[in-house]
Amino acid sequence: MMSNIRPDQIKHNQTQGKPGFDLFELAFRPGFLGASVFSLVALSLWLFVLNGQLSLPEQGLSNVIWHFHEMVFGFAAFVALSFLLTASQTWTQLRSLHGKPLLLWCLIWVSVRILLWQESLSLQYLAFGVQLIWWLIGIGFLAQLLYRAKNRNLMLLPLLSIMMLINMGIIVADLAGDTELALHFGRTGVLLFALLAGVLGGRLIPMFTRNGTKALPLPAKVVATPKLTKLLIATALINNLYAFIYPFFEFALVPGFIMIFLGSLQLIQLYHWHPRASLQVPLLWSLHLTYGSLGIGFICLGASFFTEAIRFSDALHLIAIGAIGGMILAIMSRVSLGHTGRLIQSAPLMSLAFVMMLGAALTRTFLPALGLVIEAWQFSAALWIGAFALFILHYSSILIRQRL
């Protein structure tokens, strides 16, 4: 039987009036904080590797694959599952992962990050096994909550399971010496996260925009687009499948056409959410900006099949940084306030962080076309590090302390 107590009261009622720390009260706390800190560490290490000041283990993942894996399946996956495990408590009214089991799940995640730096092939394969266990725990706990409540978000489970399989494929392929196949899996992983960002953004952004602009002189006129949304999701699924199988077969139709169509649909949907009305609210315009980056990113990705002016890998970073990374930063900023009982109001420094994320995406995507490849990597990483450092500076105490 489901509890009638609201999720935000389950723990709060037991600890009200008892100030202190509560990092493992819900998954978003260690997930958001841990992933943010890790992104600074991972990108700093990546800069050292690029500059020849540091080397990855010879028997471990290759440089590019390690970067792909850790930013997509170390950073983004930790945030995504932490968010979904937190949101599932609201969706189902059932207590989500917390306390010692949550601590154990986080320690498993940390152990994978350490194992991937060990100079031993057996320990690299151990990292593979531990990463698989981490996925199974996260997906399994989420599944049992959604099944018990018969919640409509069960549709997310197949997507997460495919992400898990792609993650496993990256490690196995690269350790077996097929870096090109691992790179293809990595790119597929980014497209899967783009699909997840599109689905979640399609649900959250119009709702947040409608609620967040009610008090403004000119509230947003958000228009529901159910048919467009269904077409968009169907197109994204077709795009992901076609992009995955395309390198293995000789098709006449290149994926670029589907990608440009998908990006155009996303920009049309964004237009129906009245983005101009969000300009006075940083926690809103940041979300609109990331969804716009998703649409423009797919158009650029598609264009890379028809012109040498932009490379596929560079365009992919507009999605990875501007859309996925930017949406992660914006949603973490909002969710961290709401789930800790604070006013949903952005700090001035976070506006700077959102702008820095956009700068990181644009720098990494377009500077290489000017011949500034190394500079693009370095400037983009520095801007990302600065943006997430500001998040940690402002939100670490919020995420560690008990809710108000």
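Me: Is Arg 152 buried or exposed?
Reply: In this predicted model, Arg 152 lies in the loop between α6 (121–149) and α7 (156–175). Its relative accessible area is 63%, and the cut-off for the exposed class is over 50%. Arg 152 is therefore exposed.

Me: How many Å apart in space are Arg 152 and Thr 92, C-alpha to C-alpha?
Reply: Along the sequence, Arg 152 and Thr 92 are 60 residues apart. In space, taken from C-alpha to C-alpha, the separation of Arg 152 and Thr 92 is 9.9 Å.

Me: Which class of accessibility does Lys 150 belong to?
Reply: Lys 150 has its place in the loop between α6 and α7, and its phi is near 50 degrees, which is a positive value in a residue other than glycine. Its relative accessibility is 73%, so with exposed meaning over 50%, Lys 150 counts as exposed.

Me: Which class of accessibility does His 274 belong to?
Reply: His 274 lies in the loop between α10 (256–271) and α11, and it has a positive phi of about 55 degrees although it is not a glycine. Its relative accessibility is 22%, and a value between the 20% limit for buried and the 50% limit for exposed falls in the middle class. His 274 therefore counts as partly exposed.

Me: Which residues does Thr 290 contact, leaving aside its neighbours within four places in sequence?
Reply: Thr 290 is found in helix α11 (residues 282–303), and because its relative accessibility is 4%, with buried meaning under 20%, Thr 290 counts as buried. Leaving aside the neighbours within four places in sequence, its contacts are Gly 322, Ala 323, Gly 326 and Met 327.

Me: Which residues does Gly 341 touch, not counting those up to four places away in sequence?
Reply: Gly 341 lies in the loop between α12 (312–338) and α13 (348–366), and with a relative accessible area of 34% it is partly exposed. When residues up to four places away in sequence are not counted, Gly 341 touches Arg 403 and Leu 404.

Me: What kind of aromatic pair do Phe 75 and Trp 384 form?
Reply: The structure holds 24 aromatic pairs. In the pair of Phe 75 and Trp 384, the ring centres are 5.4 Å apart and the planes meet at 70 degrees. The pair links distant parts of the chain, with Phe 75 in helix α4 (residues 63–92) and Trp 384 in helix α14 (residues 373–400). Because planes over 60 degrees apart belong to that class, the pair is edge-to-face.

Me: How are α8 and α9 oriented to each other?
Reply: Helix α8 (residues 179–212) and helix α9 (residues 226–245) pack with their axes 10 Å apart and at an angle of about 175 degrees. Residues that meet include His 184 and Phe 185 in α8 and Ile 233 and Ala 236 in α9. Since the cut-off is over 145 degrees, α8 and α9 are roughly antiparallel.

Methods
Residues numbered from 1 in each chain as written. Predicted model: local features only at pLDDT ≥ 70, side-chain atom pairs only at ≥ 80, totals over all residues. Heavy atoms only, no water. Phe/Tyr/Trp six-rings, centres within 6.5 Å; stacked < 30°, edge-to-face > 60°. Helix = DSSP H or I, 4+ residues; strand = E, 2+ residues; numbered from the N terminus. Axes fitted to C-alpha atoms, helices over the stretch in contact; angles between N-to-C directions. Parallel < 35°, antiparallel > 145°, perpendicular 65-115°, else oblique. Contact = heavy atoms within 4.5 Å. Buried < 20%, exposed > 50% of the residue type's maximum accessible area, 1.4 Å probe, protein only.
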